[in-house]
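Please look over the protein shown below. A short report on its fold and some of its residues follows.

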Amino acid sequence: MTTRHPIYVAWYNMKQRCDNPNRDDYQYYGAVGVTYCAEWAEAETFATEMVVDWLPGKVLDREDRTKPYSRANCRWVNWSESAYNRKTFSNNKTGISGVGRYANGFRARAGLGGSIRLYQGPDFFEACCRRKSWEAARV
């Protein structure tokens, strides 16, 4: 496997996110304790375990973002699927990803950049239900 192969690149970036404090995204991974299993310290082991499910255009994603990178917790997904598996942004005051306050109520949004409007109205519970229903339908 060459250093340009997408599986190698995914492995290299995973290690860098976890180990290299000079990387911009280290603050979201290594600095908060995200690690990888000892077996994945070597590119060959990672490639052997992950090549089975790999498809061109897919990116490495942890199914449970509270657990380390490992065969049991990783999968290949497209960028948009990976974007839904992230923590709630620090400026989110509702605690629900994709649900926020606006002038006199709440709104639920989805899609890249919030391009899909799921709900806009006075009911917080309805906004949460619409967002969660949309998430469930995506899986």
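Where is the place of D61? D61 sits in strand β1. The model is a predicted one, and the values here are computed from it.

**D61 and its partner**

D61 is buried, because its relative accessible area is 5%, under the 20% cut-off. Its side chain has a partner. A polar contact of 2.9 Å joins the side chains of D61 and R75.

**Overall layout**

The protein has four helices and five strands. Read from the N terminus, the order of elements is α-α-β-β-α-β-β-β-α. The protein has 139 residues, and buried residues make up 37% of them. Its accessible surface is about 8,900 Å². Carbon and sulfur atoms account for 51% of that surface. Take the contacts between residues at least 6 apart in sequence: 34% of these join residues at least 24 apart.

**Helix α2**

Which residues of helix α2 are buried? Helix α2 spans residues 43–50, and its buried residues are A43, F46, A47 and M50. Viewed down the axis of α2, these buried residues fall within an arc of 95 degrees, so they line one face of the helix. The other side of α2 carries E44 and T48, which are exposed. What do the buried residues of α2 pack against? They pack against α1 (6–19), β1 (59–62) and β2 (74–77).

**Aromatic pairs**

How many aromatic pairs does a search of the whole structure find? The search finds five. One of them is Y8 with Y12: the ring centres are 6.4 Å apart and the planes are at 20 degrees, so this pair is stacked. The limit for stacking is under 30 degrees between planes. Y8 and Y12 are four residues apart in helix α1, and therefore about one helical turn separates them. Y8 is buried, with a relative accessible area of 19%. Y12 has 39% relative accessibility, so it counts as partly exposed.

F46 and W76 form an aromatic pair that is edge-to-face, with 6.3 Å centre to centre and 70 degrees between the planes. This pair links distant parts of the chain. F46 belongs to helix α2 and W76 to strand β2, 30 residues apart. Both F46 and W76 are buried. F46 is also one of the buried residues of α2 listed above.

Ring pairs also build a cluster. Its members are Y8, W11 and Y12.

**Cysteines**

How many disulfides are there? The count comes to zero. C74 is buried, at 3% relative accessibility. C129 is partly exposed, at 28%.

**Two more positions**

W79 is placed in helix α3 (residues 79–84). Is W79 buried or exposed? W79 counts as exposed, because its relative accessibility is 64%. W79 and L60 are 19 residues apart in sequence. In space, their C-alpha atoms are 9.2 Å apart.

G105 lies in strand β4 (residues 105–110). G105 is buried, with a relative accessible area of 1%. Which residues is G105 in contact with, leaving aside its neighbours within four places in sequence? They are G100, G121 and P122. G105 and F124 are 19 residues apart along the chain, and 7.4 Å separates their C-alpha atoms.

**Accessibility at a glance**

The table collects relative accessibility for residues discussed above.

| Residue | Relative accessibility | Class |
|---|---|---|
| G105 | 1% | buried |
| C74 | 3% | buried |
| D61 | 5% | buried |
| Y8 | 19% | buried |
| C129 | 28% | partly exposed |
| Y12 | 39% | partly exposed |
| W79 | 64% | exposed |

Technical notes:
Residues numbered from 1 in each chain as written. Predicted model: local features only at pLDDT ≥ 70, side-chain atom pairs only at ≥ 80, totals over all residues. Heavy atoms only, no water. Disulfide = S-S within 2.5 Å. Buried < 20%, exposed > 50% of the residue type's maximum accessible area, 1.4 Å probe, protein only. Helix = DSSP H or I, 4+ residues; strand = E, 2+ residues; numbered from the N terminus. Contact = heavy atoms within 4.5 Å. Areas by Shrake-Rupley, 256 points an atom, 1.4 Å probe, with all protein chains shown as cover. Arc of directions from axis to C-beta. Polar contact = N/O pair within 3.5 Å; in protein donor to acceptor, adjacent residues only side chain to side chain. Phe/Tyr/Trp six-rings, centres within 6.5 Å; stacked < 30°, edge-to-face > 60°.
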